[in-house]
Amino acid sequence: MSKLVVLVSGGGSNLQAILDAVANKTISAQVVAVIADRDCYGLERARQAGIPAYLVDRKLHRSDLSEQIAQLIPLDCDLIVLAGFLSILNAKFIQSWSNKIINIHPSLLPKHGGAGMWGLKVHQAALDAGDSESGCTVHYVSEEVDGGAIIAQHLVAIAEDDTAERLQHKVLHFEHQLLVAVVAKLLA
Ligand code: GRF
């Protein structure tokens with residue numbers, strides 16, 4: 001059975017999509033740990049599912065934070081999923097899990113990505129740019145924030161009256177589907 005570790009910082013709806021997909025066997029894997037860099041509802045979702053949930057301190061220096069997280073991940077882990085994880089991991093961590101860390105981002109990368117681009121800011125940027133479509137991207141994690149190789153994207157049309165909140169809501173729905181599909185495929 002493949003082993004998954006999921007890193008979260010927020011509501012954890014993408015984590016929940018993974019947990020549901022594991023439960024209904026769309027994803028053939030075991031979530032062995034959920035790690036959060038702040039107290040968040042994602043941790044609560046993990047606890048409710050009976051999965052070991054760990055809290056690390058996002059205020060630590062990047063290398064210490066990365067080291068603490070590394071110590072919580074079993075060496076035989078098959079995939080690390082950044083599902084709304086906001087801290088930036090250091091080069092040593094990323095290199096030691098080369099091609100085994102993926103991230104989900106709520107835009108059509110390379111548009112509207114990079115450090116500081118998260119939450120409503122991403123959707124507002126798509127609206128401000130006058131884009132007619134947005135979407136979500138799952139990509140491998142490299143040392144460049146949101147810059148790793150793209151694995152899959154899902155397009156979402158932007159309506160004229162969309163607000164950042166409404167676009168976020170629309171995109172999030174497809175994030176859940178895209179992330180589950182990619183995780184299932186990578187572990188198959
Ligand atoms: C998602 O939009 C994800 O793309 C981004 O952060 C958000 C996390 O949402 N990286 P949730 O915590 O999974 O509900």
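The entries below go from the ligand to the pockets.

I worked on a predicted model, in which local features need pLDDT of at least 70 and side-chain atom pairs count only at pLDDT 80 or more, while totals for chains, interfaces and linings use all residues. Residues are numbered from 1 along each chain as its sequence is written, and side-chain values use heavy atoms, with hydrogens and water left out.

**Ligand shell.** I looked up the residues around the ligand (a heavy atom within 4 Å) and found Gly10, Gly11, Gly12, Ser13, Asn14, Gly84, Ile104, His105, Pro106 and Glu175.

**Polar contacts.** Among pairs of N or O atoms within 3.5 Å, I noted a polar side-chain atom of Ser13 at 2.5 Å from a ligand oxygen, and an N or O atom in the side chain of Glu175 also 2.5 Å from an oxygen atom of the ligand. From the backbone, a polar atom of Gly12 lies 2.7 Å from a ligand oxygen.

**Largest pocket.** I found that the ligand takes up the space of the largest pocket, where a pocket is an open set of points on a 1 Å grid over the protein atoms alone, where a 1.4 Å probe fits, with protein on both sides within 12 Å along at least five of seven lines, and lining residues have an atom within 4 Å of a point. Of its 37 lining residues, the closest to its centre are Gly84, Phe85, Leu86, Ile104 and Trp118.

**Second largest pocket.** I recorded about 180 Å³ of space here, with a lining that includes Ser63, Glu67, Lys92 and Trp97.

How values were computed
Polar contact = N/O pair within 3.5 Å; in protein donor to acceptor, adjacent residues only side chain to side chain. Sits in = over half its atoms within 2 Å of the grid points. Points joined across faces, edges and corners; volume = space filled by probe spheres on them.
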